[in-house]
Structure formats: C-alpha cells, structure tokens
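This briefing covers one protein chain.

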Amino acid sequence: MATLVMAVSLIGQNQQRPEETEKTDQKKERTEKVKQGWNIGGLPVVSFDSDLGFQFGALANLYHYGDGSRYPFYNHSLYFEASWYTKGSGIFRFYYDSDRLIRGIRTSVDISYMPDQAFYFYGYNGYGSVYNDAWVDEDTEDYKTRLFYRYRREFFRFKADFQGDIIKKKFFWLAGLDFYNIYTSPIDRKKFDIADTTGTLFDQYKAWNIIPESYAQTIMYYSRMTGAYNEGLGGVKTLRGISRNRVLGDGWVMGNFELRYRFLYFQWIKQNWYLALSGFFDTGRTLSLIDVEGVVKDENNNISYPEGESEQDYFDFGNDRFHNSVGAGLYVAMNQNFIIAINFGKALDEQDGNTGFYIGINFLF
C-alpha cells in the first residue's frame with residue numbers, strides 16, 4: 001500500500017525558539033567554548049530481544065556550526081541510523097534539518113526503511129480494544145502466544161517539510177509532502193517457531209474485515225521528527241511507559257508535561273556537556289473513533305468469535321479515556337544539540353502495559 005500526503009498549515013506561537021532559549025541560558029549560566037565547523041555525536045546500537053534476536057548497528061548525528069556565530073544553533077544537521085536484528089527487523093534512516101539550505105525557510109527531510117518482523121498491534125480506539133495479558137503470559141492457562149499482539153510490516157517513508165516566518169518569531173507557515181509505502185502481513189510463524197494454528201489479533205481483525213487491504217491508520221503527522229517512528233500513541237516518543245501503538249484512532253490528543261533540571265556543566269574531549277534530570281507525566285486518548293462495531297457485526301447484530309471467547313475478550317465498544325503514565329529521565333547533552341536520553345516510564349492502567357525503559361537520542365520536545 002502506498003500513500004501520498006500533502007499538507008499546508010499556519011501556526012502561531014508566542015514562545016522563544018529552542019535555539020534562542022539555549023542562547024539565553026548560556027549567557028546567564030556559563031560561558032561555553034563556541035563550536036565551529038563540523039561536529040559529530042554517535043552511539044553504537046547493540047541489544048538483544050528474545051523474539052527478534054541480536055541487534056547490531058550505529059547512529060550518528062553531524063552538525064555544522066559554520067563560523068560559530070549562531071552557536072548553539074546549527075546551520076545543518078545530518079542524522080544517520082542503521083541497525084539490524086538477526087531475525088529480520090531493522091531501521092535504516094537518514095534525516096536532514098536546516099534553515100540555511102534555502103534562506104529563510106527551515107527544511108527537514110526524512111528517508112526511512114524499517115522492516116519489522118513483529119510490529120505491535122493492540123487494536124483500535126484505545127480502551128475500546130481490550131488488552132488481555134494472560135494471552136501473552138506463558139505461565140497462565142489462557143496463554144495463546146507471546147506474539148499475539150504482533151504482525152509483520154515493511155515500511156518506507158519519504159518526508160519533506162518546509163517552514164517559514166509570516167510574522168517573525170510569532171506566526172509562521174508550514175508545508176509538507178509525505179510518501180509512504182507500507183506492506184503488512186501476519187507474522188512468519190516458522191521464523192518464531194509458532195504453530196500454524198495459533199492466531200493473532202491481526203489475524204482476527206483480518207477475518208472480521210476490520211483491516212482493509214489498504215489505509216494507513218497508524219500514521220501520525222509531525223512537522224519535525226524526533227525519532228524514527230511517527231505513529232500510534234504509546235512508546236518512547238509519545239506516551240512513555242505505555243505499550244507501543246496502544247492508542248490508534250481517526251483523531252487523537254496528546255500532552256507531555258516534563259520538568260527538567262540541569263545540574264552539571266563541564267567540558268570533556270573539547271566538547272561542551274551538561275547533565276539533566278527530569279520528571280514527566282504523559283497523557284493521550286482518541287477523539288474520533290474508528291468504526292469497528294459497525295464493521296464486525298453481521299446483519300443479525302452478531303459477531304463470530306473463536307470458540308470459548310466473547311465480546312468482552314476483545315472489545316469495550318465506544319469506551320476510551322485518557323491513557324496516563326509517569327516517569328523520570330536522565331539526559332547527557334553534547335554542545336546542546338546531541339542529546340543522549342534515558343527514560344523510564346510507568347503506565348497507570350494495566351490495560352496499557354506495565355513499564356518502559358528507553359535509551360535513545362533527543363528530548364521528546
């Protein structure tokens with residue numbers, strides 16, 4: 001399935017831009033070594049997932065500060081990420097951000113290819129879809145498979161956004177062009193050693209014709225990417241501590257509230273560093289629901305469920321409310337732009353999962 005999206009919007013703001021705030025803080029609190037020319041920050045990517053296998057790769061962010069007169073704001077930022085799990089999932093991404101490529105216009109370009117052998121899927125409409133922890137817990141009698149809430153997906157994205165001032169620092173325009181090519185299918189049972197007769201939620205939604213052959217229901221549109229994924233509420237870049245993609249709907253609202261405290265500034269390996277701590281509260285919910293009930297019921301107002309199961313196992317039609325989480329973060333910042341972010345979040349409702357621990361880059365906002 002391929003999707004092409006064009007968007008134009010007008011946005012007003014009364015706050016300082018991040019680079020202006022950083023300069024103000026810099027003047028008030030300390031004197032940093034001004035950076036010039038190119039600067040690079042990077043991290044190795046090594047992990048293990050019992051379902052996906054070992055992950056190997058690296059990410060790097062190059063910043064160009066020119067003559068340093070605008071530091072800590074950069075002229076150009078180039079981000080590269082490449083990682084691969086031994087069972088076939090991966091992230092291959094390039095992201096570019098600059099207000100100097102075209103004078104007076106901020107340009108952001110993202111090109112990403114992300115195959116995923118076990119992508120998360122919890123149904124639609126937030127709490128309108130019931131999450132059954134026993135179905136993925138091997139120690140319970142109702143256990144189905146640890147991958148019951150997963151499916152296979154291949155995802156390609158090209159995204160270009162342009163932003164300019166109408167009234168400087170107060171009101172600006174935004175235009176963008178997005179192209180997505182998305183392929184979805186059931187998980188590869190042989191790859192994960194799962195019996196052919198074992199179903200998943202994705203299989204059931206296909207059987208109920210809730211999921212059509214093409215749409216891009218999970219996609220969320222951002223003017224500036226802070227991470228590789230732009231879809232679904234839940235996870236490191238939306239609702240930390242809540243299961244990834246837990247909240248999907250035709251319309252949604254989200255709020256992230258975070259207090260940060262920078263407690264240590266220092267210079268090391270000829271770079272400017274600071275450490276910061278944070279506490280946060282994340283919340284979000286659907287506003288416009290996807291019509292699941294009207295699709296899944298037959299002419300007699302009935303739904304055909306697997307043997308021994310009922311509506312209460314899958315749906316709570318029309319029900320959603322705010323999904324909430326709390327947590328804390330530790331941040332290591334180099335030259336005020338390359339941010340290593342370590343976050344721990346806790347979901348406040350067991351329907352949203354339990355906890356999430358994340359290591360990545362960039363502030364959420």
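Asp110 and Arg157 are both buried, where buried means under 20% relative accessible area, exposed over 50% and partly exposed in between (1.4 Å probe, protein chains only). Their side chains meet in a salt bridge with an N to O distance of 2.7 Å; a salt bridge is a side-chain nitrogen of Lys or Arg within 4 Å of a carboxyl oxygen of Asp or Glu. Asp110 lies in strand 6 (residues 105-120) and Arg157 in strand 7 (residues 150-167), so this pair ties together parts that are 47 residues apart in sequence.

The model is predicted: local features need pLDDT of at least 70, side-chain atom pairs count only at pLDDT 80 or more, and totals for chains, interfaces and linings use all residues. Residues are numbered from 1 along each chain as its sequence is written, and side-chain values use heavy atoms, with hydrogens and water left out.

**Overall make-up**

- The chain has four helices and 13 strands; helices (H or I, at least four residues) and strands (E, at least two) are DSSP runs, numbered from the N terminus.
- Of the 365 residues of the chain, 49% count as buried.
- Among contacts in the chain with a separation of 6 or more, 64% are between residues 24 or more positions apart; a contact means heavy atoms within 4.5 Å.
- The chain exposes about 18200 Å², of which carbon and sulfur atoms supply 55%; accessible areas come from the Shrake-Rupley method with a 1.4 Å probe, and for residues only the protein chains shown count as cover.

- Strand 4 (residues 76-85) is largely enclosed by the rest of the structure, because seven of its ten residues are buried.
- Strand 3 (residues 53-64) pairs with strand 4 in the antiparallel sense over ten bridges; two strands pair if DSSP finds at least two bridges between them.
- In this pairing, Ala60 stands opposite Phe80 in strand 4.
- Strand 4 also pairs with strand 5 (residues 90-102), in the antiparallel sense and over nine bridges, and Tyr79 stands opposite Tyr95 in strand 5.
- The hairpin of strand 4 and strand 5 has four residues between the strands, and Gly88 takes a positive phi near 115° in this hairpin.
- The loop between strand 3 and strand 4 holds Pro72, which a cis peptide bond joins to Tyr71, with omega about 15°.

- Strand 9 and strand 10 (residues 271-288) are antiparallel partners over 17 bridges, with Gln267 opposite Asn272 in strand 10.
- Two residues lie between the strands in the hairpin of strand 9 and strand 10, where Ile269 takes a positive phi near 45°.
- Strand 10 and strand 11 (residues 323-334) pair in the antiparallel sense over twelve bridges, and Ala276 stands opposite Tyr331 in strand 11.

**Further salt bridges**

- The whole structure contains 17 salt bridges.
- Lys159 forms a salt bridge with Asp161, with the closest N and O atoms 3.2 Å apart.
- Lys159 is buried at 3% relative accessibility, and Asp161 is buried with a relative accessible area of 7%.
- Glu258 forms a salt bridge with Arg240, the closest N and O atoms being 2.9 Å apart.
- This pair links distant parts of the chain, 18 residues apart: Glu258 is in strand 9 (residues 251-268), and Arg240 is in the loop between helix 2 (201-207) and strand 9.
- Glu258 is buried, with a relative accessible area of 13%, and Arg240 counts as buried at 1% relative accessibility.

**Single residues**

- Gln204 has its place in helix 2 and counts as buried at 16% relative accessibility.
- Leaving aside residues up to four places away in sequence, Gln204 touches Ser304, Pro306 and Tyr314.
- Asn125, in the loop between strand 6 and strand 7, has phi near 70°, a positive value in a residue other than glycine.
- Asn125 counts as buried at 8% relative accessibility.
- Asn335 has a positive phi near 55°, again in a residue other than glycine, and is found in the loop between strand 11 and strand 12 (338-347).
- At 0% relative accessibility, Asn335 is buried.
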